[in-house]
Amino acid sequence: MNSTKQRLASSLSLFLVSLLVSCSGAASAGDNLLFGISERFERTFGNPTTTCSSDVTISTKLVSLSEDGDVNSTFSTVNENGLDDVDTDGGTSWGYKSFQTCIYPSAPFSGSLEIPVSVTSNYGTRITSLKTFPAPDVAIPTKLTFTGNGVTQRQCFTFTVVQDAVRSAKVDPMTIALGTMTQKNGSGEEISGTYTGKDACDISVAVDDEEGPGVRVSNISRVMEEPGPSATATNGTFQVVLRTAPTANVTIPINEVYDSINASNREGTANPKTLTFTTGNYNTPQSVTITSVDDLEIDGIKVYTVEVSNTSSSDADYNGIKPRNVVVYNRDQSVPGYAYQRFDATTGTTGASGGAINRFATDESNRFGTKYSQFQIKLRTKPTNTVTLNFSSNCGNKCNILTPTLSFTTSDWNVYQTFQVEGKSDSANTGNADYTVSFVASSADATYNTTVAEPTFSVRSCDNDGTHLLQPCNFSGSPLGTSVNRLSAVEGGSTNIWMISQAAPSSDISIGLTSSDTTEGTVPGTVTVSSSNYNFMESGGTNQIVLTHLDDVLVDLTQNWTVTTALSTGGLSYDPIDVYAATTDDEKSFYISHVGNTREGTTNTATVSVCLGGNNPTQPVVLNISCKSYSAGTASAGECGTITSSPITFPVNSEVEPGNASDSGCASSAKKQTFTVVGLDDTYSDGNQSFDIQLSMVANTDTNYQNATSPSDHSITNEDDEPAGKAIFVTTASYNGEMTAQGVFGADNTCDNNKPGGVPVGTYKALIVSNSGGAVNDRIPNGTNWVLTAGNHYYRCNSSGYTNCSDEHTSLFVANGSAGFDPTSISRSFSTVGDQYWTGMTTSLTAATQVGFTPACTGDGLTYRHNCNGFTYQNCPSTPSSYLYGQTWTMASNTSVTSQEAICSATKKLICVQQ
């Protein structure tokens, strides 16, 4: 009995839902995915031969229940394994005590579809079976009638095992036979159609007896992920234990390659591969760890079965027992695209959106060859067919492509292949320029042929042909070093360019260098081009020009400067072109800080201090101050009030003192300018909200400040004066009325462990009462353990975003002085109209009783029994067919709920309240 475990949730869950609800023709992709998961799930119990029609989806055809199971499972359109599992006693999940399987037509049809149902069982009272969706819960009928197809039209059966404390003989499983289908038109007349004369698949339900020798096997602990940069769950575990003491050692092999999906361990590995239980450790669970493997294929979630093989023992009772197998879920992390390696062994990858890759160069005299332009490339994932890359370039006459095509097959897709391009003379002196090498992928594999965008490779062409005997050059991705594309770095940084020549010099060539502004940047006095480096661009070479961009401790923004080249001496007399550079300021033009916060409904102010960063201006610097404008209905709208005063003016000689030249120090400066801000008051319980102050500099002609950028927006917090606002959400899953032995506290755990994305952080408890006569898990309206607080504002938060989760936009009610509210008159619905919730209350917020329905549960010691015995039992332990009842609410309209009783085996949602 019970604490709720976290579901096996997924980043793919919305994808699964979208597939499940889009059916056309035969079974939809979503139906096939869920059906495929179920098929592999069924390998837990064997590999049946299916001859029935696939036009009707059965979410799970082979159900295995364990008398000592502790998991209640319901069908899910959200979780990627198609199940919503709730562990009823916490810890390890030791199989299913209750399981729901669903039936729905996959292919569209008109009129109606009838499927006859017959139940054959040798289990007697050991299994209870009900039709549980859509509500209400009823006995399994003799016929199912459908008027539409797809998962939204599903009808579901739930099977629950009864713990009988009796060692039972092994019998054939229960069979729910779904017979030959009949289609009818709108007038009820039989017609011929897609389903006519076909048999739907049967459902089989087996029970694993807990009495006597046997092997308990748990479920896998979680959905796993292939290894990858964002993967956080690359392994999972399951546990195995014996039910009784053996008289000799019991050995159980683990076969993780039992399923062809995991052939050669392409999806995962198991450790250990053999378990041995002795007479001393038979009742200590042993763990098997499944570690995910990246198969480098784009294959979605892969579901495979790990076989827990037959036992081997000299104890006759424990020899040859076949335990149940374990289903493993491996989520895909493979990313289609390309991997590359440059000439210098640096590597990278591109994904489906492609990308631009640089740091390559050729020269127009072709002295580099392919030294700086070649790269290696391969595919990131295995294709389904050969992928051919056809290369081209926009270089004109500046290059020759030496590798026009590369082909990758399904066997060598992961092996690097080399692409080469070399420079070519265009007999023109147009200067250095970049060109692009690109390719088009051609394949019968749709992913690489269509979906994946091809990357492009940028190559710098160094113009050392024609009359350019010496030429400065560097790699693509770096500025050209021209007057319109300067080599630029922030103060304190450096940039590089190399001097290359048209041909190998007969002797060393020396080129003198000077900086036009040594306060902004410096260069070596000379560089040397020799026969060993004339066609090299390597770090540390004597032909490398290192530009050092100096920090001048001045606010002077970006300053341009030039590297002037002198007439060369030595093996060649030639004056190369100059190199152009720029140094970007690292000093701030303004420093800003504030003290104090504004508060709604008060005159509390925030005082903002602003200082000039440096370089005393030669004329006043003026800043206009204003509240930033926000779209109506956003969190920060209506928070900023009055600003006093605007504008602020900095006179000549108002540079901040060096000791105060920081945001935090500005408030201490004698030369600061200040203004104050008062916040506005709203009527929402929206918590403390920040808003921005904008500062805009008025145009001036000061040498340094005329090109300065205005200060960044400055944030102020406006404190809320309303009572606390608290979020309320409704669980997406539904639960029966047995909320673990913790009762309403078990419901609290369910709420706190299943918060939707985007809800405010904090603890969440269920809006539910027990009034179970003084038991430890009591909850009473406006009394013991009550979840609402008088005066608090409560708002709906079933999804993320301010408009979906705020007192301003999704207010539900304000708790009255008795910490209550009127659920028949709320501002909006808790969730979808028609949803039902376990609450244990009437609409007057009083604990409800179900006098007309409550069984006696004679001899069970249940003294209360109303509201599912305080939400701790769904039926009488000694008479499982006698069900308890509890109180629920139904969302009857967008503003009102109604209250009614429901059988405790029924599944309802929970209303969860932030504390």
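## Cores, salt bridges and disulfides

Cysteine 912 is buried, with a relative accessible area of 0%. Let us start from this residue, bearing in mind that the model is predicted. A disulfide joins cysteine 912 to cysteine 751, and cysteine 751 is likewise buried at a relative accessible area of 0%. Cysteine 751 sits in helix α4 (residues 744-753) and cysteine 912 in strand β63, so the link connects distant parts of the chain, 161 residues apart.

This link is one of 10 disulfides in the model. Here are three of them side by side:

| Disulfide | S to S | Torsion about S-S |
|---|---|---|
| Cysteine 462 and cysteine 473 | 1.8 Å | -75°, left-handed |
| Cysteine 627 and cysteine 640 | 1.9 Å | about -60°, left-handed |
| Cysteine 751 and cysteine 912 | 2.0 Å | -75°, left-handed |

Cysteine 462 belongs to strand β36 (residues 456-462) and cysteine 473 to strand β37 (residues 470-473), so their bond ties together parts that are 11 residues apart in sequence. Both cysteine 462 and cysteine 473 are buried. How exposed is cysteine 627? Its relative accessible area is 27%, so cysteine 627 counts as partly exposed, whereas cysteine 640 is buried at 12%.

Now to the charged pairs. Side chains of opposite charge can pair when their charged atoms come close. The model has 20 salt bridges. In one of them, aspartate 426 meets lysine 398, with the closest N and O atoms 2.7 Å apart. Each of these two residues lies in a loop, aspartate 426 between β34 and β35 and lysine 398 between β30 and β31, so the pair ties together parts that are 28 residues apart in sequence. Lysine 398 is buried, at 13% relative accessibility.

Lysine 628 and aspartate 692 form another salt bridge, at 4.0 Å from N to O. Lysine 628 is partly exposed at 30% relative accessibility, while aspartate 692 is buried at 18%.

The largest nonpolar core has 60 residues, and Phe159, Phe238 and Ile290 have the most contacts inside it. Beyond its neighbours within four places in sequence, phenylalanine 238 is in contact with residues including Val217, Ile220, Ile254, Ile290 and Val326. A second, separate core of 27 residues includes Val759, Tyr764, Ile768 and Cys904.

Terms used
Residues are numbered from 1 along each chain as its sequence is written. This is a predicted model: local features need pLDDT of at least 70, side-chain atom pairs count only at pLDDT 80 or more; totals for chains, interfaces and linings use all residues. Side-chain values use heavy atoms; hydrogens and water are left out. A nonpolar core is a set of buried Ala, Val, Leu, Ile, Met, Phe, Trp, Tyr and Cys residues joined through side-chain atoms within 4.5 Å. Buried means under 20% relative accessible area, exposed over 50%, partly exposed in between (1.4 Å probe, protein chains only). Contact means heavy atoms within 4.5 Å. A salt bridge is a side-chain nitrogen of Lys or Arg within 4 Å of a carboxyl oxygen of Asp or Glu. Helices (H or I, at least four residues) and strands (E, at least two) are DSSP runs, numbered from the N terminus. A disulfide is a pair of cysteine sulfur atoms within 2.5 Å.
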